[in-house]
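This briefing looks at how secondary-structure elements pack against one another in the structure shown here. Please keep the sequence and the coordinates at hand while reading the points that follow.

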Amino acid sequence: MGSTACEIRDGRIYSRACDDLIGCATIVATFEELERTEAPVAMYGLFTRAEEVGFVGAIQLARARRLPKDITVISLETSSEKGGQCKMGDGVIVRVGDRTSIFDPAVSLTLSELARDLKIPAQRALMAGGTCEATPFRLYGYRTGALCVALGNYHNCGPETKIAAEYVAFDDVASMVQLCTALAQAETEPSSAEDALRTRLEKRVE
């Protein structure tokens with residue numbers, strides 16, 4: 001992989017560990033953008049530990065009930081580009097579920113419609129290559145959704161089984177920050193997106 005911890009070149013971010021540092025960077029960048037625009041919002045930024053060995057931090061936090069039960073938890077991360085579900089460079093991915101579970105449909109719909117309305121490059125897919133923090137939070141009763149970006153060289157597995165730096169598209173990460181910022185400022189609840197969709201479908205029937 002070389003000695004470079006992080007490098008941006010040819011529109012991509014190369015790092016020894018994009019997974020899950022890209023999600024952490026997105027949280028920080030979202031807070032910076034909200035502060036820059038002085039947006040009057042309330043948002044938590046959560047950094048949990050020991051995800052790879054069983055979501056230790058996420059489960060302990062969910063069990064402790066320290067978060068209000070009426071908040072929406074959005075898991076942010078990277079997901080393997082393998083499988084052809086989504087294409088790197090085509091924007092942030094609204095992840096409707098992972099290998100283990102499906103997330104709140106109203107949250108996924110809200111994210112997709114925000115991206116559409118604000119012209120934020122976005123895709124929508126299950127992304128079943130692994131399990132993310134949205135699953136344990138959902139199991140403990142929280143309303144959950146997820147965003148991710150396509151990841152190359154997943155877990156540093158490069159071509160021909162060689163060790164290589166992980167990488168993501170810079171523009172995909174930028175669109176994830178944009179969508180997180182938009183969600184933090186959204187004035188409606190996720191259920192409103194489903195109400196609007198039902199209204200549109202009913203008009204077609206009529």
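In this predicted model, helix 1 passes helix 5 in a right-handed crossing. The two helices, which span residues 21–36 and residues 170–185, pack at an angle of about 50 degrees, and their axes lie 9 Å apart.

**Contact between the helices**

- On the side of helix 1, the contact is made by I22, T26, A29, T30, E33 and L34, while helix 5 contributes V173, M176, V177, C180, T181, A184 and Q185.

- Four strands form an open sheet with the order 3-6-4-5, in which the pairing is mixed.
- Strand 3 (72–80) and strand 5 (122–125) are the edge strands, each of which pairs on one side only.
- From one strand to the next, the twist averages 30 degrees.
- Strand 3 and strand 6 (residues 143–151) run parallel and are joined by nine bridges, and V73 stands opposite T144 in strand 6.

**Helix 5 on the sheet**

- Helix 5 also packs on the sheet, where it touches strand 3, strand 4 (92–95) and strand 6.
- The direction of helix 5 makes about 160 degrees with that of strand 6.

Terms used: Residues numbered from 1 in each chain as written. Predicted model: local features only at pLDDT ≥ 70, side-chain atom pairs only at ≥ 80, totals over all residues. Heavy atoms only, no water. Axes fitted to C-alpha atoms, helices over the stretch in contact; angles between N-to-C directions. Left-handed = near helix turned anticlockwise from the far one by under 90°. Contact = heavy atoms within 4.5 Å. Pairing = 2+ DSSP bridges.
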